[in-house]
Amino acid sequence: MTLDYLLKRIFQFILIAFLAATINFFFPRMSGQDPIQQKLMLLQSQGVNVSSEEVAGLIETYNAKFGLDQPLWRQYINYLGNMARFDFGVSISNYPTTVATMLKRAIPWTVGLLLTATLISFAIGTIVGALMAWGKAPFWVRTIFPAFFTFSAVPFYLMGIILLYIFAFQWPIFPLFGGYSTQRIPEVSWGFAMDVLRHTILPAFSIVLAQIGFWALGMRSMMVTVQGEDYILQAEAKGLKDSRIFYRYAMRNAILPQITGLALSLGTTISGAILVEIVFSYPGVGSVLLQAVRGFDWFVIQGVVFLVILSVAFTMLVIDLIYPLLDPRIHYRTE
Amino acid sequence: MAIQSTAILEAPPPSANRLRDTLLYFRRNHALIAGCALLLLIVLFVVVGSIVTDPDDARPLAFRPSQPPSAEHWLGTDRLGKDILAVMTEGTPQTIRIGVTAGTIGVLIGTILAFFSGYYGGIFDTITRSAVDILRTVPALLVLIIIAISVPGDMSVLEMSLIVAALAWLGPTRVLRAQVLVIRQQPYVEMARFSGLSGPEIIIREMIPNLMPFIVAVYITSISGAVLASLGLEAIGLGPFEANTLGMTIYWNIWYASLINGWWWWWSPPIAVIVLLFVGLFLISQGLDEWANPRLRKRV
């Protein structure tokens, strides 16, 4: 890997971070809305008596933070600085909790859910896809799994509603909502871990169900290509066992483009996971976002948007950088 | 027409009866037929709904809330007192309209960008390519959220379409540009260039007709993507609150926890229509893919 490529990729990452912060800053301002004003109107329409100290505190923090008396370019520079330090301001609905605190609480849930679901669907999908291209696959693999491709056309959170109805409402095998039982206090213990697992199975499964088709399709077409290669013919001529040819010769070479697919699908997957969390009231970033949208909590919305865009870009950067380690044929070289 | 160069070599000369040929081809392309049938089912549902219900039935407090399906209300009523069949009759076309409007804008912009950058190359191509490469790694839903919260006041169905259209050009630009790069090297394009046709003439008279099946396939995909994006935004609560679109119906279902309350008749119709719509569009795009890419035609 050359230094040139490394620098180019890192520059791209910084550019995405910068663009994300910039649209966060300019879009809401362009429409000329005042989040504090809106929040107060919402509270008044709900008949809530807002104490004047609270309002004064909010406005003071807000003005000091964003220096609204300063010229626009000054505010913009300040904003970029704040974003770079992950300082997203305070939540309007949960004043004085900072947005960063709320996100810190939510992130482990989302990452856990996404990681589990992605790994499971990647593993199953890749193996199934490889088997489907392999002429010697069992009959049921080649007949049942194509149905999953149709599922991948349907948004996963809707699949979630159906799963929830069948496995939590009709037959209460799994809980209806949340990330852990309400009577439990989050702690590091076996019982709590099992409780979390029970709550995670359905949301994870709805992501897995929708994604298997995506991975299987990619793997199938790669396997078809690989099967025509000379080294497969040579392996067969050597009289190697079928399973060895399948795993060591065919799959190992076909799996590499799947890693690129993993990086490219990340954005779509995370958008879907946010909606799955909303359907399952799972305590991750998606639920924080839903609460924020309901409460006109602008700084929280902006924080979530910035953080998710940044983490997707960062993960892609990491995948791109470790890719040459996985595939020795790849050299990042500038011509 | 789509496959001129290969058609001359392989297929018999086109028969006089093109309509019959088209129909025969449709009969072979099962995915396309199945997809069209599913969409037709949705149209039928809306037509029946509009005969049976009155638009006023889809207003809040029109009836007793949360009633299960009955002879009077075929799909029951929701928590807000609307007749669900009337809601669906009004909302289904609205959601489709959002998809078609945003998809059309996306494909138009995408086609123009793809042909100009792909055919002419140069600095404009570099900018387009980098923009598409960078933006496609960003989760679209989150960018759309920022745009949606910036819309002041209540959102209309048209505004919803325009918000979704903001990123709808990315996919078409990327896919079509790659195709333009391929066919730019084809002998017939070179021939046209030698015979003195100008760039725009070549694009409009030679390249666009040849890529038409491809553009149509991309169009269907982009409609489906736009519907998906609009449903996501609406489910979060960033949609036209006054409208009864499918996504807003899902939003109210989440808001009133219809699942836990056992109001299955409220959440199942929008999901059924959405599933039909997506699977239908998916099958159509598969069928069109086969048409656009003759190498996939196994049953010819």
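The model is predicted. It pairs chain A with chain B across an interface that buries about 3600 Å². Over all chains, the count of salt bridges is five.

**Chain A fold**
- Chain A has 14 helices and zero strands.
- Chain A has 335 residues, and 48% of them count as buried.
- Among contacts in chain A with a separation of 6 or more, 72% join residues 24 or more positions apart.

**Interface of chain A and chain B**
- On the chain A side, 43 residues are in contact with 37 residues of chain B.
- Of the area buried between the two chains, 85% is on carbon and sulfur atoms.
- Between chain A and chain B there are zero salt bridges.
- One residue pair is in polar contact across this interface, with both residues at pLDDT 80 or more.
- Six elements of chain A each supply at least two residues of the side that touches chain B: α1 (3–30), α7 (146–151), α8 (156–170), α12 (256–280), α13 (285–294) and α14 (298–326).

**Salt bridges within the chains**
- D320(A) and R9(A) form a salt bridge, with their closest N and O atoms 2.7 Å apart.
- This pair links distant parts of the chain: D320(A) is in helix α14 and R9(A) in helix α1, 311 residues apart.
- D320(A) is partly exposed at a relative accessible area of 23%, whereas R9(A) counts as buried at 9%.
- E90(B) and R59(B) meet through their side chains in a salt bridge, at 3.1 Å from N to O.
- Here helix α4 of chain B, which holds E90(B), is linked to the loop between α3 and α4, which holds R59(B); the two residues are 31 apart.
- R59(B) has a relative accessible area of 34%, so it is partly exposed.
- R177(B) and D125(B) form another salt bridge, with the closest N and O atoms 2.7 Å apart.
- R177(B) belongs to helix α8 (residues 170–183) and D125(B) to helix α5 (residues 122–135), 52 residues apart.
- R177(B) is buried at 14% relative accessibility, and D125(B) is buried at 9%.

**Positive phi in chain B**
- Most residues other than glycine have a negative phi.
- S66(B) is not a glycine, yet its phi is positive, at about 55 degrees.
- S66(B) sits in the loop between α3 (30–52) and α4 (84–120) of chain B.
- With a relative accessible area of 16%, S66(B) is buried.
- A257(B), also not a glycine, has a positive phi of about 45 degrees.
- The loop between α11 (246–255) and α12 (264–292) of chain B holds A257(B).
- At 30% relative accessible area, A257(B) is partly exposed.

- A nonpolar surface patch is formed by L41(B), V43(B), L44(B), V47(B), V48(B), I51(B), V52(B) and W74(B).
- Together these residues have about 750 Å² of accessible area.
- V47(B), one of the patch residues, is in helix α3 and is partly exposed at 41% relative accessible area.
- Q94(B) lies in helix α4 of chain B and is buried at 13% relative accessibility.
- Leaving out residues up to four places away in sequence, Q94(B) touches V157(B), A243(B), N244(B) and T245(B).

Key:
Residues are numbered from 1 along each chain as its sequence is written. Chains are lettered from A and ligands numbered from 1 in the order in which they are written. This is a predicted model: local features need pLDDT of at least 70, side-chain atom pairs count only at pLDDT 80 or more; totals for chains, interfaces and linings use all residues. Side-chain values use heavy atoms; hydrogens and water are left out. Helices (H or I, at least four residues) and strands (E, at least two) are DSSP runs, numbered from the N terminus. Buried means under 20% relative accessible area, exposed over 50%, partly exposed in between (1.4 Å probe, protein chains only). Patches are made of residues with over 30% relative accessible area and no salt bridge: like charges are joined within 9 Å, nonpolar side chains (Val, Leu, Ile, Met, Phe, Trp, Tyr) within 5 Å. Accessible areas come from the Shrake-Rupley method with a 1.4 Å probe; for residues, only the protein chains shown count as cover. A salt bridge is a side-chain nitrogen of Lys or Arg within 4 Å of a carboxyl oxygen of Asp or Glu. Contact means heavy atoms within 4.5 Å. Buried area is the accessible area (1.4 Å probe) that two parts lose on being put together, summed over both. A polar contact is a pair of N or O atoms within 3.5 Å; within protein, one must be able to donate a hydrogen and the other to accept it, and residues adjacent in sequence count only if both atoms are side-chain atoms.
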